[in-house]
Amino acid sequence: MPNHGQAAIVADMDFTGLSIEDVARRLASPGAPPSSDFDLIPGLRGLDPAKLRPAAVLVPLVERDAGLSVVLTRRSRFLRHHPGQIAFPGGKIDRGDGSAEAAALREAEEEIGLPRGHVEVIGALPAHHTVTRYTVTPVVARIPVDFQGVAEVGEVDEIFEVPLGFLLDPANLQVQARVWQGAERAYYAIPYGPYYVWGATARMLKGFSDHLVEGT
């Protein structure tokens, strides 16, 4: 059964008008459940979180005159895993990190040159389970408007911004498919100009959108 009340909230919500305070308030409210790369793959759902490796990503938000923007990266085309894909800065949680937040801040400092002391963490999204067997915690934070990214050589090819309102608008979310391990698999995608946001990053952004709606 379709949730007409939920659909009405989404239709009425102005994602382009969100402020940092709006995001922080809604992140503090109960929101959407954990997500998975397998959400669109019948028969492959229900990963056991106990068997997944912990990881974290930073969702860096910048306050611009036109609204909030998100800092994203294009992974190096020479990487073994997910070369050239659009991603949040982040990676696995090391033993010395102590928390998902600490890991996300460390990875962002290494990958895009974002000093952890200049970051204001405002909340976190539900965990996301990936096809590569990680359980990823997206940590949402405000970063300075004058931040100038420095890409880590060999890890990141490009650092860029996309308006948050565009990425969160359900009208811009697509379901596409490609052959994976010999079978056609569906996945989420958010094309934006020359950038093709898809897979885990697109699914986490959908989770972000869902969480903000649930938190209204």
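Me: How many cavities of 30 Å³ or more does the chain have, and what counts as one?

Reply: The count comes to one cavity of 30 Å³ or more. The rule uses a 1 Å grid over the protein atoms alone: a cavity is a set of points where a 1.4 Å probe fits but cannot get out, and lining residues have an atom within 4 Å of a point. Grid points are joined across faces, edges and corners, and a volume is the space filled by probe spheres set on the points. Keep in mind that this is a predicted model: local features need pLDDT of at least 70, side-chain atom pairs count only at pLDDT 80 or more, and totals for chains, interfaces and linings use all residues. Residues are numbered from 1 along each chain as its sequence is written, and side-chain values use heavy atoms, with hydrogens and water left out.

Me: What is the volume of the largest cavity, and which residues line it?

Reply: Its volume is about 70 Å³. The lining is A32, P33, S35, L125, P126, H128, P138, M204, G207 and F208. That splits into seven nonpolar, three polar and no charged residues, where Ala, Val, Leu, Ile, Met, Phe, Trp, Tyr, Cys and Pro count as nonpolar, Asp, Glu, Lys and Arg as charged, and the others, Gly among them, as polar. Helix α5 supplies the largest share of the lining, three residues. Helices (H or I, at least four residues) and strands (E, at least two) are DSSP runs numbered from the N terminus.

Me: How do I read the nonpolar core, and which residues in the largest one touch the most other members?

Reply: In soluble globular proteins, nonpolar side chains tend to be buried together. A core here is a set of buried Ala, Val, Leu, Ile, Met, Phe, Trp, Tyr and Cys residues joined through side-chain atoms within 4.5 Å. Buried means under 20% relative accessible area, with a 1.4 Å probe and protein chains only. The largest core has 34 residues, and L18, V23, L61, L72, V140 and F208 touch the most other members. Helix α5 (residues 199-214) gives the most to this core, six residues. There's also a second, separate core of 16 residues, including A56, V71, A103 and V139.

Me: Is T135 buried or exposed, and what is it in contact with?

Reply: T135 counts as buried because its relative accessibility is 16%. This residue sits in strand β8 (residues 134-142). Contact means heavy atoms within 4.5 Å. Leaving aside neighbours within four places in sequence, T135 is in contact with L52, R53, P54, A55, A127, H128 and H129.

Methods. Buried means under 20% relative accessible area, exposed over 50%, partly exposed in between (1.4 Å probe, protein chains only). On a 1 Å grid over the protein atoms alone, a cavity is a set of points where a 1.4 Å probe fits but cannot get out, and a pocket is an open set with protein on both sides within 12 Å along at least five of seven lines; lining residues have an atom within 4 Å of a point.
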